[in-house]
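I opened a new page to jot down what I looked up.

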Amino acid sequence: MSMRIRVIDSHTAGEPTRVIVAGAPDLGNGPMTERLERFRSEFDHIRSAVVNEPRGNDAIVGALLCEPFDRSCQAGVIYFNNVGFLKMCGHGTIGLATTLRHMGRIAGGTCRIDTVAGPVEARLNANGSVTIRNVASYRKAAGVAVAVPGAGTVHGDVAWGGNWFFLVSDHGQELAFERLEELTDYAWRIRQAVNVEHPEVDHIELFGRAAAAGAHSRNFVLCPGKAYDRSPCGTGTSAKMACLYADGKLRAGEVWRQESIVGSVFDGLVEVEDGKIYPHITGFAHVNAEADLILDERDPFCYGIQPSCAQATT
Ligand code: PYC
């Protein structure tokens, strides 16, 4: 059996997004949460085929474009990665809005996108950037002490920005691009340690001094499947700003410039409505490929290289 899946690739501040625009499995018309569960239980092999090697790589975030459930939205989306699914993705939503513009589906102004975490707004700006208004974000726990085997105790905040983050500043690590392997290993050890008490956390975010002019901070973000985020992470920057706001270190409307480990920058701010914090994130995305993925079951790696492949060959 062979099938074709049409995709449009882009990157946002260096972090790739692959949008499925045709040939996706039918997930029905239910709420986005139900569709995600159906994707996971019936079509996980399609997720792996689209983002994993040999067609993709660990950094790619996939985005299945679909009809919205919430009729106030113009499009629906389900995000996924090398190991599973994401409820929201900030760089991905900037990439998706840029892709919709590339397809001629939106021309300017603001559109609403139905995500598994709730509706998100995306505004196309005149200079080509996109500003998203994310889902309400908040800090769940402040100053959580975590003993990391071989690395002492770190303290951090557990916060929601559309995904769950553990945000750490007292790590003593130099956040340099040349240190990606060490940072990945260190953050992965924090992830395992924090999950003992906070199993919901699947992203680790380390903060340090910015190198880019005008940026307030640099981050290193480790994603659930051990890939690092090349962008400053939209949901991670949302979680960060929710913590800054809770600490009285960021006021509503004040700009927060977050630099990534590769030196790209998102501009953020928070809007406060009915006591809830809605982060806005602005960044640029660039479309860089259109392709048909060919899934031919005669190919032993048709559905991507993943742990089950290795088990099958032992
Ligand atoms: O930008 O929110 C984001 C994101 C999550 C994982 C990778 N990027």
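My entries follow, topic by topic.

**Ground rules.** I am working with a predicted model, where local features need pLDDT of at least 70, side-chain atom pairs count only at pLDDT 80 or more, and totals for chains, interfaces and linings use all residues. Residues are numbered from 1 along each chain as its sequence is written, and side-chain values use heavy atoms, with hydrogens and water left out.

**Aromatic pairs.** I counted rings of Phe, Tyr and Trp (its six-membered ring) as paired if their centres lie within 6.5 Å, with planes under 30 degrees apart called stacked, over 60 edge-to-face and the rest tilted. That rule gave me six aromatic pairs. I looked at Phe39 and Phe85, which pair edge-to-face at 5.0 Å centre to centre, with 65° between the planes. Phe39 is in helix H1 (residues 32-51) and Phe85 in strand E5 (residues 85-86), so this pair ties together parts 46 residues apart in sequence. For helices (H or I, at least four residues) and strands (E, at least two) I used DSSP runs, numbered from the N terminus.

Phe80 and Phe85 make a tilted pair, at 6.4 Å and 55°. Phe39, Phe80 and Phe85 form one aromatic cluster. I call a residue buried under 20% relative accessible area, exposed over 50% and partly exposed in between (1.4 Å probe, protein chains only). Phe39 is buried at 0%, and Phe85 is buried at 13%.

**Salt bridges.** Here I needed a side-chain nitrogen of Lys or Arg within 4 Å of a carboxyl oxygen of Asp or Glu. How many salt bridges does the structure hold? I got 18.

Asp292 and Arg6 meet in one of them, 2.9 Å from N to O. Asp292 belongs to strand E17 (residues 285-296) and Arg6 to strand E1 (residues 2-12), so the bridge ties together parts 286 residues apart in sequence. Both residues also sit in a salt-bridge network with Arg4 and Glu290.

Arg133 bridges to Glu273 at 3.3 Å. Arg133 is buried at 18%, while Glu273 is partly exposed at 37%.

**Charge over a ring.** My test was NZ of Lys or CZ of Arg within 6 Å of the ring centre and within 35 degrees of the ring normal. Arg133 turned up again, over the face of Tyr278 at 4.0 Å from the ring centre. Lys140 has its charged end over the ring of Trp164, 5.4 Å from the centre.

**Thr235.** I found Thr235 in helix H4 (residues 234-246), buried at 2%. Leaving aside neighbours within four places in sequence, its contacts (heavy atoms within 4.5 Å) include Met88, Cys89, Asn134 and Phe165.
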